[in-house]
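My entries follow below the structure.

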Amino acid sequence: MNRRSFLRTSAVLTTGLAALAASLKPLLEMNDFPTMERFLQKYYKEMTPEDMEKVLKRIEAEVEKQYGIRPHVRDLKPMDGVEFVYCLNLTRCIGCRKCVHACVAENNQSRNPEIQYIRVLRLPHGSLDIEKAEHNYAPESVPEKGYFYMPVQCQQCKNPPCVKVCPVHATWQETDGITVIDYDWCIGCRYCEAACPYWARRFNFTKPSIPKERLNPDMAYLGNRPRRQGVMEKCHFCIQRTRVGRYPACLEVCPTGARKFGNILDPNSEVSYILKNKRVFIQLKEELGTSPRFFYYFDV
Amino acid sequence: MRRAIRNYFVFLWRCARIAFVGDWRYYLWVGTLTVICLLGLHAYCRQFAQGLIVTGMSDEVSWGVYIANFTFLVGVAAAAVMMVIPVYIYNNEELHDLVIFGELLAVAAILMCLAFVTVDLGRPDRFWHLIPGIGQFNFPASMLSWDVIVLNGYLLLNVYICGYLLYCRYQKKKAAKWFYIPFVFIAIVWAISIHTVTAFLYVGLGGRPFWNSAIVGPRFIASAFAAGPALIILALQVVRRVTASAPAVETARLREGAVVPETARGRAATIDDLELLARHLPELASVSAEDRLKSLAGAMVLEVAAGDTLLRQGEKENEAFFVLAGRVVVEREESGRFRITRSVGPGEQFGETSALAGTPRMATAIAEGPTRVMRLPADSLRQLMRNPQMNRIIRSRMQERLMITDRGLLTLRGIVQVSMLINVFLLINEVFKEFYSGNLHVASAKYLFIGLHGYHALVPWIWTAIAFNLIAMVLLILPVSRSLKWLNVTCVLCILGIWIEKGMGLVIPGFIPTPLGEMVEYTPTLNETLVCFGIWAFGLLCYTVFLRMAVPILQGKLSKANEEQPEPANGAPALSAAVEP
């Protein structure tokens, strides 16, 4: 190699490397590079109780570091002989959206950008065609004359399209009927979001942000623990509450009692009563064969 | 064994070396692509750090141009191999020489596909969750898991087939049928499967009526068969342009004086000459002495100087040549351009195809430097070919050429023509079904074609696509597209039309309105667009480099025989695979 070609080669190489370094520069802004521990974390169903113990401790430490509050993160399993069902009385719902905000507060959803699991639709009387629904209604007060309201959230289908399409089993249906997500396993392909006929799934397009003072420290692994950038989340019937015998947050806050929740396998439960005795109830988009565990009914 | 491995690495090393050698057009093209790649990488790093929020996607429209490009490119990859069908099933000779270009395009297209799905992931760091055996692979339930298998399998198949064929060419060995024909047939079935699986990705979603239609699969295949070969036609035209002859040879051609005169510097061939030839052509040793002697009847040995013409395209003679020493370049003239079809060295033959068939010369052969050749009548060649080993080697070397003929391109045009007609027909079917029945599910189609509730971002796009497709279809039916210039225009229209129709026109409206009836539109951001350009540049860069390696191998200029010789000098235009400016 002569002097000239050496100089030329080194000039080309230096320029190339400098250009490559410049292209990679935005990575320096990242303060959330996955650690080796997180990178190698096992799939939820493959973790031994000891693995889970460790992971829960780590998550608690991470949350404390970020928010300054020591949370209590549990891995709650489904109860035997329980299958949850939700019933929503469309006659009673007044469209106040209190459920939407209670859900955000309970489940540590990102406030910016805003993520909400419940969308309340306003429909004109006489139609259940949701293509006619108004999403952004903002009147002085609700209810408005000539309209009824229909809150939509995850329908916890018996035959969930989202579970079928997930390429990595990151979402599945538990024995109590709740479809959950392992936030640490999801690869963020958003195929489930495309598959869901109820628009119930949400994606963390960036790092979620929750004000420290608003963090709910009572957390479950498959439930409301804070999510990371690039993963899916959705309504999980407030797993951290319902699996320890409490009602979901959206139900507790409802001022009209439009929301009913319970165990369909228990013949004496409120939901069993409704499904047996109310004569009008709807499963949204029943024709798709998803068989939701979420029933809408009217008082007649 | 060690020797074989060493040889293989020398092959790879030489291929890698040659990718960095070319004329100024090559450097300009590769340099520009590299810069665009890096801009794309920069944009992707921003996305990696900040999340997909830097794209135009939202919870309402959760897939965008990444998946649109992915869908289009799967089609290109599939169609690139479908070209193989006429070759291996109907024995179409014209396309035989073009197969390798299709396969290489398939490799480049699949690499782009994989890049596009990767940039679409929210957590690319968790890619290992997708690896069967290590992660959790939802097979066969998830269509995406099928896609992972078929795309990667397809990539491996094509890399193997291209690599094997090129390495055989490089060694000037005949490719063993059992080593690649079965894989070619698997690749054909596989090609249909990759595109069908990609269609099923959409078709399988009951909650999205716009996609949930059985016709999407056939439409994908039809449009892919139009866009894929159209892309190959354009690529081949570029290859043809850059394989035009070297100036030195050009001047030689201009030199007056026809074929080397019979007696000039020639003498009757002797048995010693055959001995010399056998040193480069070991198969000759198996010919019996008697037959060898017989073949010498009428054989001559000619000593020629650089630039001398040994045979001329279009003339009718019935003699074949073997090179004893030196090198001969064979070039073919078509539509006023000369292109190198092969470069032959000691032990190799030329002029044999026309001699054996008794047809006019297909190309002109010119000595590259001082060269000694043996010229022998067709009958003598037949005499030698009675020996099975000689027959095999001569027949296999007959295939060793780079010949992109006008007829080959027009055969591809035929494929594009039929596919485009079917594609437009299927589109009409879809539109009829959507609009005539007029049920509730027409909302997405309405949004796409005429706009809905005052939202109509996609309307100009889809009508542009339809116009392009229709113009391309008409041009393809008219004889005007038999002229290669018009064929180029038609191909560009096909590619653009189908890209819009299949990418933006299929993926985006599936999300609008949302399943809850909300209207939210989608526009790609600058960052997202840069990532797309980066990936396209990366794919083109791959294809350019593949061609840069493949063309000299196909021409016989880069072969094991000339391993010891220095690499072709910088700026030797005969070798430069620059792209049409």
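I began with H6(B), which passes H9(B) in a right-handed crossing (right-handed if the near helix is turned clockwise from the far one by less than a right angle, left-handed if anticlockwise). The model is predicted, so I kept in mind that local features need pLDDT of at least 70 and side-chain atom pairs pLDDT 80 or more, while totals for chains, interfaces and linings use all residues. Residues are numbered from 1 along each chain as its sequence is written, and chains are lettered from A and ligands numbered from 1 in the order in which they are written.

I read an angle of about 115° for helix H6 (residues 99–120) of chain B against H9(B), with the axes 10 Å apart (lines fitted to C-alpha atoms over the stretch in contact, angles from 0 to 180 degrees between N-to-C directions; helices are DSSP runs of H or I, at least four residues, and strands of E, at least two, numbered from the N terminus). The two are therefore roughly perpendicular (65 to 115 degrees; under 35 is roughly parallel, over 145 roughly antiparallel, the rest oblique).

I then noted that Phe101(B), Gly102(B) and Leu105(B) of H6(B) meet Leu231(B), Ile232(B), Ala235(B) and Leu236(B) of H9(B) (contact: C-beta atoms, placed from the backbone, within 7 Å).

Finally, I looked up the contact between the chains, to which chain A gives 51 residues and chain B 43 residues.

Methods
Two residues are in contact if their C-beta atoms, placed from the backbone, lie within 7 Å.
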